[in-house]
Amino acid sequence: LALTLDESQNATFAGLVGIGAANPGDRQLYVEGATSIIEIASTTASQNASVWFRSNVSGTNADRWELGTNISKGSHFELYNRATSASAFSINSANNEATFENTLTVKNAFNVNAGGGNNVVSATWASTDTGQLHIKKGGSTKILLNSGDNSYINTGYDFGIGTTSPTSLSANTYSLTVGSARTDLSGAIFY
């Protein structure tokens with residue numbers, strides 16, 4: 001029999017399951033329909049509603065990841081590392097804060113977009129070991145920090161160090177060192 005039911009009412013199905021489809025292919029569970037929704041519900045307060053991922057790595061079968069809610073962050077949507085028993089990533093229930101628990105490594109450019117407009121912050125790379133941080137307004141870079149070439153501030157506004165009300169270039173209680181090749185400080189105001 002493909003379906004067995006033991007004395008504890010536990011059912012075991014030896015085969016592939018297709019819901020809404022006659023042929024599930026090579027999938028253990030395949031769901032098909034004009035709208036396909038799988039709902040996972042927990043009816044007990046503060047208990048997980050989640051999906052676990054178990055895999056064989058180098059001959060060891062173990063739970064690797066869990067995805068869902070009420071894992072370790074309450075109502076947050078969370079990716080939880082079952083191998084290390086630690087949260088990896090979560091999004092709060094208000095949907096306005098995402099948290100990576102450890103270092104986030106981005107392989108290519110990283111952009112922050114203020115809701116449908118131009119990117120306001122971009123981190124890019126110019127070569128293998130050269131990074132660039134762009135702060136933009138209206139799609140144009142206004143502040144550039146470049147680890148392998150010139151950097152600049154070109155906002156069209158005054159710049160202050162130690163003051164929130166700068167006039168031209170203002171430095172308050174901080175030192176400003178200018179290398180021998182850049183000695184022109186005309187228009188600078190020091191407090």
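**Note on surface contacts in the predicted model**

1. Aspartate 63, in this predicted model, has a relative accessible area of 28% and is therefore partly exposed. Its side chain meets that of arginine 54 in a salt bridge, at 3.2 Å from N to O, and arginine 54 is itself exposed, with a relative accessible area of 53%.

2. Glutamate 101 and lysine 73 form a further salt bridge, in which the closest N and O atoms are 3.2 Å apart. Because glutamate 101 sits in the loop between β9 (98-100) and β10 (110-113), while lysine 73 sits in the loop between β6 and β7 (77-81), the pair ties together parts that are 28 residues apart in sequence. Glutamate 101 counts as partly exposed at 32% relative accessibility, and lysine 73 is likewise partly exposed, at 29%.

3. Arginine 27 and aspartate 26 also join their side chains in a salt bridge, with an N to O distance of 2.2 Å. Arginine 27 is partly exposed, its relative accessible area being 47%, whereas aspartate 26, at 57%, is exposed. The count of salt bridges in the model comes to 4.

4. Apart from the charged pairs, there is a nonpolar surface patch of about 1,100 Å², whose members include Leu3, Phe13, Val17, Ile19, Val51, Phe53, Trp65 and Leu67. Two or more residues of this patch come from each of the elements β3 (17-19), β5 (49-57) and β6 (60-69).

5. Tryptophan 65, one of the patch residues, is found in strand β6. With a relative accessibility of 34%, tryptophan 65 counts as partly exposed, and patch residues need over 30% relative accessible area.

Key
Residues numbered from 1 in each chain as written. Predicted model: local features only at pLDDT ≥ 70, side-chain atom pairs only at ≥ 80, totals over all residues. Heavy atoms only, no water. Patch = residues over 30% accessible without salt bridge, like charges linked within 9 Å, V, L, I, M, F, W, Y side chains within 5 Å. Areas by Shrake-Rupley, 256 points an atom, 1.4 Å probe, with all protein chains shown as cover. Helix = DSSP H or I, 4+ residues; strand = E, 2+ residues; numbered from the N terminus. Buried < 20%, exposed > 50% of the residue type's maximum accessible area, 1.4 Å probe, protein only.
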